[in-house]
Structures are given as structure tokens and as C-alpha cells.
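Visitor: Could you walk me through this one? I'd like to ask a few things as we go.

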Amino acid sequence: DEYGTATETKAQEEGVTPRELCDRFHALHRDIYSWFGISFDKFGRTSAPEQTQTTQSIFLDLERNGYIKEQTIEQLYCDSCGRFLADRYVKGTCPSCGYEGARGDQCEHCGKLLEPTELIKPQCSSCGSTPHLKATTHLYIDLPGIKPKLEPWIKAASEKGFWSNNAVQMTQAWLRDGLRPRAITRDLKWGIPVPLAGFEDKVFYVWFDAPIGYISMTAGLAAEKGFDWKSWWQNPENVELYQFIGKDNIPFHTVIFPSSLLGSGRDWTMLHHMSSSEYLNYESGKFSKSKGVGVFGSDVMETTIPADVWRFYIFWNRPETSDYTFTWADFLEKASSSATWATWPTARSPSCPATTAERSRRASPTRRSGRRPRPSRPPSPPRLSGPTCATPSGRSSNYPIWPTSASRTASHGRRGLPTRRPRPPSSPTSAISCATWRS
């Protein structure tokens, strides 16, 4: 996801072009995923030609079907910089929660989506001067017009696909509060050009084009592997789409992106299951990429703590039902207390303590009576030493390597966590990671 104001402003700060910045970060992200042992069939980029073609095609479908509207609005303009200020070029006080560092697109503190003109005491994020209002014309997607298609789809998909509770609640709140036309163009240089006369100097809003990257990157893989990308993305009878996101991105994936697909009139593969988490906070505040607050992939690699230790900690503490706060003290405590998991036997043999414990549980009166036992965390095995590595404070400590699939199954019984996600049956199109197959 390479377009948008955040990229343009960061490139200006560093004195490089947006393309140079994205090339550097793409390589960094690729290395981080590789370090974590995560691979992709296609680690794509929204700056690829397929993204431009697919985004412009969906836009033209929406425009042809009457779901694109023009509106002349007053937008913040900076005389010092000589330009209109799109979303992240503006900072100010959030009108909802009073947070003073809110951006013009979204408040990091409360998560509310914003327009730059809604901010209290706005400032240009580049030069710090106070902008003023000036008339400009933008294109909007007509969400109220698409609502008759969107609302029944949300009801059916959320029930059939068992969406996470926060996804259902936030989506229903958007419907309850009333959908409004939403701007899909911005006054920027770095982005996908708008293929409409009179709007040649504008680009698409990043959250209009970014989710379309799921489709365009599949198209890029299809060109490399020789299959038809439509067999995944325009095949709703045989393909189910699963998505995993944080709660601040829910509306883009359950309202705006689906509205774009429904409004285009084509038979798209739509969202089936939404697994959305709550916030993972950092120490006494929130993670913030823009402010450099938190622990990120590059930081994690530099700690020399093995990747599987981090994987275990995130598995254990994923904020599925409520926010969770990462602290270094908690991380060190949990990682150290579970260090013995690394050295459990990898084969399910009588000598494996977890296997013995599992047999005892299966033979318990509760299980014999037919009542299902209450789920619990795995028992602590005998304490053994794990591999030694440096901690953030420079001291040496025993850290675990997260157990292999066999030992993990032994410790969790039937609830064992797989080492990697299962793969679909081998086929020319079995490499798409964003969709699943029917048995």
C-alpha cells in the first residue's frame, strides 16, 4: 500500500521521491517478513501497473452506473505551500475526543474518521502555518445510492461468515448513523490518476484504491503463473474471501470496498469472514508509525530475540475481544516463564510429558461423563533450559523457540496451533493467500 499523503509527506521530510521511499520500505518489509518466516505467493505493490488498470476500471464502472457524484467543497489551502491540504497534510484537535495530534483523515486516539475541515485549530503539517478555506471540486462515491445493495449483503455475509463482534458493531454503527457520499479523490501528485475529464490534476484517495490491491496483485500473480485472476475474484460460488485486520480499518473493508464492488455491477467474490482484532497498545500509549512510538519489525529483528518467541507472545495475547497493552516487562516475563516449551519432545511418544497429561485429561471423570471440559491454557511442563540470547537490556536470558507442530499438538491436544496455515489442493490457482477453497 504505497500511495497516499503519508508517503508523500514522508518523502518530503527525507528529501527523496515517493518512489525512492517506497522502494526502500518495500525491501525492508520484505526482509522483515522473511525474518519471521512468512512467505507470500505475491508480495505486491499498489504502485504496479495492474493496480492502476484495475482501480480505474472499477471507477469507470461506478461512474457508468451513476454512483459517482461531483461536489464543490471548501477545502483547507496553505498559502505558504501553495496547495490544497489533503488529509494528512493537516493536523489539529479531534472534534470527537479532543486529542490534539489528530490527522485530517483519522484520529489515532479514538479512531474516528475525519475530514480535514472538521479539525479544531488546524495547521499545515509541512510548514505549521494556519490554512484557510478555498473552493475545489472532488468526486464522491454515492454510498447512500449503493445502500439498498450494501445493507442486505452485510446482513447475510456477517451472519453466514461469522464476522468478529467488533466488525459487526462498527459496521452497524455506520449504517445506523447514515451513510454519506464519500470523497474518493485528493489533490496530490503521488497516486493513481483519475481517468475523467476535468480531474486530470487529482488522484484517487488511498483508501479507495488500497483494498483494490487485493485484486490487482492477484492479477499480477496470474500474469506470472499463467492463470485467470477472475477465477478467484469473480467466482463467488467457489471462492470464499477471509480478511484479518485491526479495528481501525474495519469500515474500509466492510463498507467502502464492498460498496465499490457492488456498485460496479460485476459478479465479484465478496468478503466472507472478517477476523478483526481490537487495539494492541504500547506501554502507556498507542502504537504510532507516524510518531515512531512502539516496537516494529525492524526493532524486533535488532533485539536478537528469536522470531518464534515473538510469534508465541502474539498468539498468546492477540487482542481478540479487548485492547491489550504490550509492555517489555510483560513480554520478558511471559517469554521466560514459557521457555521450556522449546525443548519438549517433537514426537508423540510415551516419554513426552504433554502426551501423558493429555491421556490423563482424556481419562478424567469429566470426559467419561460426556460433559465437555472447560477450555484452559496448557499445563506448565518441567522447567528446562532454552537457547540463550541477548535481551533488550543487554543481559543474557533463556528464551524459548516456539514448539514444532507435533509438540504444540501435544501441549494443546485437539486445540493445537498449526505451524503454518494449511494449503489448498495443488492447482494452477492454489497460490492465492487471500482466499480459501471449498472442500
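This is a predicted model: local features need pLDDT of at least 70, side-chain atom pairs count only at pLDDT 80 or more; totals for chains, interfaces and linings use all residues.

Visitor: At what angle do α11 and α12 cross?

Guide: The axes (lines fitted to C-alpha atoms, for helices over the stretch in contact, with angles from 0 to 180 degrees between N-to-C directions) of α11 (residues 307-317) and α12 (residues 328-337) cross at roughly 105° and come within 10 Å. The two helices (DSSP runs of H or I, at least four residues) are therefore roughly perpendicular, a term that covers 65 to 115 degrees.

Visitor: Which residues of α11 and α12 make the contact?

Guide: With contact meaning heavy atoms within 4.5 Å, α11 brings Val309, Trp310, Phe312, Tyr313, Trp316 and Asn317, and α12 brings Trp328, Asp330, Phe331, Lys334 and Ala335.

Visitor: Changing topic, is Thr5 buried or exposed?

Guide: Thr5, which is found in helix α1 (residues 5-14), is buried, with a relative accessible area of 4%, where buried means under 20% (1.4 Å probe, protein chains only).

Visitor: And which residues does Thr5 touch, apart from its neighbours within four places in sequence?

Guide: Thr5 is in contact there with Ala86, Asp87, Arg88, Tyr89 and Leu188.

Technical notes:
Residues are numbered from 1 along each chain as its sequence is written. Side-chain values use heavy atoms; hydrogens and water are left out. Angles under 35 degrees count as roughly parallel, over 145 as roughly antiparallel, 65 to 115 as roughly perpendicular and the rest as oblique. Buried means under 20% relative accessible area, exposed over 50%, partly exposed in between (1.4 Å probe, protein chains only).
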